[in-house]
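Trainee: Could you walk me through this one? I'd like to start with how residues are sorted into classes.

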Amino acid sequence: MLKTFRSGIHPEEYKTLTASESIENVPPSEQLVVSLNQHFGKPAIPIVKKGDIIGEGDLIAEADGFLSAPVHAPVSGKIKQITDSLHVNGYYCEAIIIERDIEKEPRIWSRNTLSLTQISREIFIQALKEKGVVGLGGAAFPTFIKFLENTDKPLKTVLINACECEPYINADYRTMLEQTDHFMAGLEIILQATAVPRMIIGIENNKPKAIRILNIKTKNHPAISVCPLKTKYPQGGEKMLISAVLGKAVPRGGLPLDIGVVVVNVNTVCTITDAVFYDKPIMEKTVTVSGHGIEKPKNIRVKIGTTFQEIIDFCGGVKPETERILIGGPMMGWAQSNTEASVLKSTTGLLALTPNELQMKPQFPCVRCGNCVTHCPMGLVPCEIAKFAQHSRLDLAQNWGILDCIECGCCAYSCPAKRQLVQTIRVGKSNIRRISSLRKSS
Amino acid sequence: MTNMHYSIAPGPHVNSGPGDIPKTMLLVNLALLPALFFGFYLYGLPAVLLTLTCIFGTLSAEMFCQYLRKDSLWRITDFSAVLTGILMAMILPPHISLFLAFLGAWVAIIIGKALFGGIGYNIFNPALVGRAFLGISFPVAMTTWVNPQIVSAVTTATPLALNKWENTTTIIKTLIIGTHSGCMGESSTMLLLLGGIFLIALRIVDFRIPFSILGSTAIFAFISNLVSNGTTGSVMFHLCSGGLMIGAFFMATDMVTSPVTPLGKIIFGMGIGILVMIIRLWGGLPEGVMFCILIFNGLTPLINRHTRPSILGTVRGRGK
């Protein structure tokens, strides 16, 4: 029996669209729109001004406080403008627009002199902090914070999240296949820097090729083990992965570190290698471009700040029947009304979906079938919570655990009446947060 | 840059596909068909007319209510009213007057369903509300049983009444095949079980409810039979007689009126099973499945509230 977490769903995977496509480099475009709001926490503060000449990898915006991350120039060129520009989330956020210097050759990032045994926790955290390393799985939480020394809560296990449970997306899978050594170097760095006794790679069994390669590569590392998991969504969620691999639950309202665990995503591991061994900040991102609306589905490596339109053009354009453009996976991704916004550190996929894949259906009244209850990985009763949220009974919603919802969307996915359960719950959660922040300020 | 605009919506952007409500209702209807056709075979034309009257009654009542609520009349195509009609017909005595059947159907839809807000909002199973109304208002018509025409069309009592008041036991084989007297569609244990298993296999019905009803009834019957030296009827007799099978697989499992939590479903089923046996052994009626289900329909919100699954990461002693 393969390990897994309780409940959850198994949506149609569509991974085969790009599973065997190797990662292609997209030539950098002439103009990049680098958002300052690329991570969890406060947006970065620009330290350049209009007209400045910058080199590839230069710091262009510094972290604003503790919970923030710096932003670096993906290409060399000239600062054209610092202005508000469309963000993936649909709002306008401050961004630095860089005009690329087409004459200049791309910089070569070579291995620095640091050897593995020289790495200490200080060097490690400093590198992560300076190079703007954030969790690339989606939330973009600054990675260094997870590894800060904490004497009350000793780090016992590092989990590597190689689940990639969202349908269509293959970015992590392809990275593991093509950059195995780079990935393994990152794992060694983490082991060395944190002196953590064990490291487990949680990977779903729909990636047998990657499991085989990792098994061979980790043979000589007694601390690292590979844990194949039964393919299920949302296994890539931090709490689900911990419960699947370790059989432990993160306390409600707590962090994984409360039980001595830190979860790191595959692509984040690779950027850790970049930051520590190559002094290279995050400048590009591996993205899966897929869906039945894309002419040529591909896995690409693209400069941060490239607009989605340019990526779509690189992949042969979209078919006329395309109904929806998504950034991220179909379960938790953001729909885009147009293709103006640009790639962030946290972008994992760009999907063009046709009405056939979306299966849009009208809502029907809730018939209390209980499907959402049996599929909720957090053990909530989504149909009731959504009802409370809809009628603004936030007290009851909170009593039924609305704040424990991880917004994975299993409830709405499994609902035969096509009710917008997680969507309603999300509104309820943001209302609760707004009210409590109002109370604090008054 | 093209100025194409795409549709936007909050995620998730995909769903489990075509398993929507009208289709579910249609499949429940299909699962009832074997037992229904067996009823037609047993009682002939009156059974067919009774079914048609009930379906006509529920559909017309549904349309009437939709008209009053200025809602789409096409709502009736969700098959839920048809299901109520078929279920109504199957739990009525086969030779009841068609007027009463029609009246029951209207009560079922209007009082049982529309007054609460239509599909998804009712507290009690509509078909059972209709039957309860008829049972209380027209007790004589509702307890006049005729043997199936293929046996001999004479007035008789149901196996449960025979067992309770005349100490006559019906042969189990008759009960399983369903050639004894009783409501039009509830007699054939075999065919109802078939339909029920079909629904469980399709995951339309949660196995917890029917299994816990039948299980608790069986255990109760076994113990009482042991204590009373075999006068209260065997386990098989209680499982196969009366409305237990149709109740367990098609009435209690009505999604709208049963709990949503897994533990709640088991408590709901066990409660019904135990109450059925209490009414059968000590109550004033020979049969109590209808009232048991209605009582537990009413308790459903309470059961839901107290059987919430534990939230991942709940620390024992802290949190709620």
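Mentor: Ala, Val, Leu, Ile, Met, Phe, Trp, Tyr, Cys and Pro count as nonpolar, Asp, Glu, Lys and Arg as charged, and the others, Gly among them, as polar. This is a predicted model, in which local features need pLDDT of at least 70 and side-chain atom pairs pLDDT 80 or more, while totals for chains, interfaces and linings use all residues. Residues are numbered from 1 along each chain as its sequence is written, chains are lettered from A in the order in which they are written, and side-chain values use heavy atoms, without hydrogens and water.

Trainee: What classes make up the lining of the second largest pocket?

Mentor: That lining has 14 nonpolar, 14 polar and nine charged residues.

Trainee: And how much space lies in that pocket?

Mentor: The second largest pocket holds about 1100 Å³, and among the 37 residues that line it, A:Asn371, A:His375, B:Leu202, B:Arg203 and B:Ile204 are the closest to its centre.

Trainee: Switching to A:Lys345, where is it, and is it buried or exposed?

Mentor: A:Lys345 is in the loop between β16 (334-336) and β17 (349-353) of chain A, and it is buried (under 20% relative accessible area), with a value of 2%.

Trainee: What about B:Asp254, which side chain of opposite charge is nearest?

Mentor: The nearest is A:Arg368, 8.4 Å away, and the buried B:Asp254 has no salt bridge, which would take a side-chain nitrogen of Lys or Arg within 4 Å of a carboxyl oxygen of Asp or Glu.

Technical notes. Buried < 20%, exposed > 50% of the residue type's maximum accessible area, 1.4 Å probe, protein only. Lys, Arg positive; Asp, Glu negative; His and termini not counted. 1 Å grid on protein atoms, 1.4 Å probe; cavity = no way out; pocket = protein on both sides within 12 Å on 5 of 7 lines; lining within 4 Å. Points joined across faces, edges and corners; volume = space filled by probe spheres on them. Helix = DSSP H or I, 4+ residues; strand = E, 2+ residues; numbered from the N terminus.
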